[in-house]
Amino acid sequence: MPHYSIFTLARNALTGHDRWTEAWRSPPLKPHYDVVIVGGGGHGLATAYYLAKEHGITNVAVLEKGWIGGGNTGRNTTIVRSNYLYDESAGLYEHSLKLWEGLTRELNFNIMFSQRGVMNLAHDHHEARDLKRRVHANRLNGVDSEWLDRKAVLKFCPVLNGDPGIRYPVYGATLQRRAGVARHDAVAWGYARGADAAGVDIIQNCEVTGFTIDQGRIAGVETTRGVVKARKVGVVVAGHASVLAGMAGIRLPIETHPLQALVSEPLKPILHTVVMSNAVHAYCSQSDKGELVIGAGSDLYVSYAQRGGFNVIEETMTAIVEMFPIFSRVNMMRQWAGIVDICPDASPIIAKMPVAGLYFNCGWGTGGFKATPGSGHVFAHTIARDEPHPINAPFTLERFSSGALVAEHGAAAVAH
Amino acid sequence: MMQIPCPWCGPREQQEFRCGGEAHIVRPADPAALDDAGWADYVFMRRNPRGIHRDMWNHVHGCRRWFYLARDTVTDQILAVYKVGEPPPEVDADAPGTAEPGR
């Protein structure tokens, strides 16, 4: 793998940019692997990368039914933060944020991680109390978090509507300064390149259609390109988790919903941070290209159509225009939906399954992007050692029968 | 976005409705005898099919009554609508049922 640097850039510029080599190979599918990862999104590629790098397991295939990063990895609003209320979540997301902080260097690939801060707005006294409680919980867990009163909020983000007479006036906000955004495609590409360099086979256009299970133990996967034997199989397929689990005879507590987002035409720099509001159910940041990136709440019915209803867009834009009247005449350019796997407690499942050698990493719901590095890191550990990393030990499938839920609905300070 | 055929009010915009989730989940007949896994199955586990799904809807901004839809979750097409207490009609994803198809 050629090292990317200012010198490779200069050398390729001088030769007309026609000597760049592929960032990863397109190898043929082998009949046998030590580990097969199903799903070539950020989480799956990160898992393969850490399997190779941290655990020395390089006979690995990542099977992707479409193309690398073409699912939810390319459909999220790129927000990265770790200000979750509960200890279990704080541990998981903070582990991830620490990996984000060194990821560009680690992968030798510019993921454009920008720690521009994430603000969660409070619009009334009670919401403020709730958010302050979370600030204190975050600090006790070593997660940076601070409370800004109304004046400080408007100083930090002057384009916010400061009119106290609106339906949801700004009362205050929490701010996590280490939070921010990252270039989502680059995360998938960087991990793909790193995993490939370590010997991982990335197989695109290869859909898994079933599992081979021999006496309660995984033996391989059936795909649209033939049967592949594997000692262990890790499944990281977001919205289709229930479908894949069904193939192995496992029921999951997951429902699949569309989650919509949209972007505006590019503007000059106007919004330097990420603003989220739970009460009005909208969040907004500005990409480096200048587009406003706007997220909505999920549609409330089960659907695998990557589309969603217009009413959600309308409600989101109503909220955005009240929060930022300055954006009222901005044109929206594109709208899309990803299909997300929502757990009843809004926390993921990163765990061994009842079938030996089968592992699932799913249920990230509306907020999985931020966890990409940490998720891959602990999932690789779980697969390699056949036991969870202490960080993902609470995120089992069994918690739904034991009652030890990690109930982050609302507690995460974000509209789910 | 779907246009939903309320069995009492006729076709209305989806915005007028709230989805109540998977239909026909039967409360355990003998709750006291149920173990933890049985409770988890009843409370949390869902079919979540890629294909035909039957879900409950409430016409919250209309007649405020509950009813059932059979929908194709891949296309969001509505295949059948039926009232509470009515037997669930057979549906075939390839042959749209009696109801107005969703858009």
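**Figure 1. Salt bridge between E106(A) and K53(A) in the predicted model.** In this predicted model, the side chains of E106(A) and K53(A) form a salt bridge with an N to O distance of 3.1 Å. The pair joins distant parts of the chain, the two residues being 53 residues apart. E106(A) belongs to helix α4 (residues 103-107) of chain A, and K53(A) belongs to helix α2 (residues 42-55) of chain A. Over all chains, the whole structure holds 21 salt bridges. Side chains of opposite charge can pair when their charged atoms come close.

**Figure 2. Overall form of chain A.** Chain A contains eleven helices and 18 strands. Its C-alpha trace spans about 65 × 65 × 40 Å along the principal axes.

Figure 3. Domain 1 of chain A is assigned to residues 6-75 + 184-253 + 345-402, and domain 2 to residues 115-179 + 255-342. The C-alpha centres of the two domains are 30 Å apart. Where they touch, domain 1 of chain A contributes 14 residues and domain 2 of chain A contributes 14 residues.

Figure 4. The size of an interface is often given as the accessible area lost when the parts come together. Between domain 1 of chain A and domain 2 of chain A, about 1,100 Å² is buried, with 49% of it on carbon and sulfur atoms. R75(A), G239(A) and T366(A) account for 48% of the area that domain 1 of chain A buries against domain 2 of chain A, more than any other three residues. Zero salt bridges are counted between these domains, whereas seven residue pairs are in polar contact. On the side of domain 1 of chain A that touches domain 2 of chain A, helix α8 (residues 241-247) of chain A has the largest share, with three residues. By class, that side has six nonpolar, seven polar and one charged residues.

**Figure 5. Interface of chain A and chain B.** Contact is made by 27 residues of chain A and 25 residues of chain B. The two chains bury about 2,200 Å² between them, and 52% of this area lies on carbon and sulfur atoms. R251(A), Y301(A) and Y304(A) supply 28% of the area that chain A buries against chain B, more than any other three residues.

**Figure 6. Polar pairs and secondary structure at the interface of chain A and chain B.** Two salt bridges cross this interface. One of them joins the side chains of R307(A) and D76(B), at 3.9 Å from N to O. There are also 14 residue pairs in polar contact between chain A and chain B. The elements α8, β12 (255-266), α9 (310-323) and α11 (399-402) of chain A each provide at least two residues of the side that touches chain B. Among the elements of chain A, α9(A) gives the most to that side, with four residues. By class, the side of chain A that touches chain B has 14 nonpolar, eight polar and five charged residues.

Methods:
Residues numbered from 1 in each chain as written. Chains lettered and ligands numbered in written order. Predicted model: local features only at pLDDT ≥ 70, side-chain atom pairs only at ≥ 80, totals over all residues. Heavy atoms only, no water. Domains from an automatic or database assignment. Contact = heavy atoms within 4.5 Å. Buried area = accessible area lost by both parts, 1.4 Å probe. Salt bridge = Lys/Arg side-chain N within 4 Å of Asp/Glu carboxyl O. Polar contact = N/O pair within 3.5 Å; in protein donor to acceptor, adjacent residues only side chain to side chain. Nonpolar A, V, L, I, M, F, W, Y, C, P; charged D, E, K, R; others polar.
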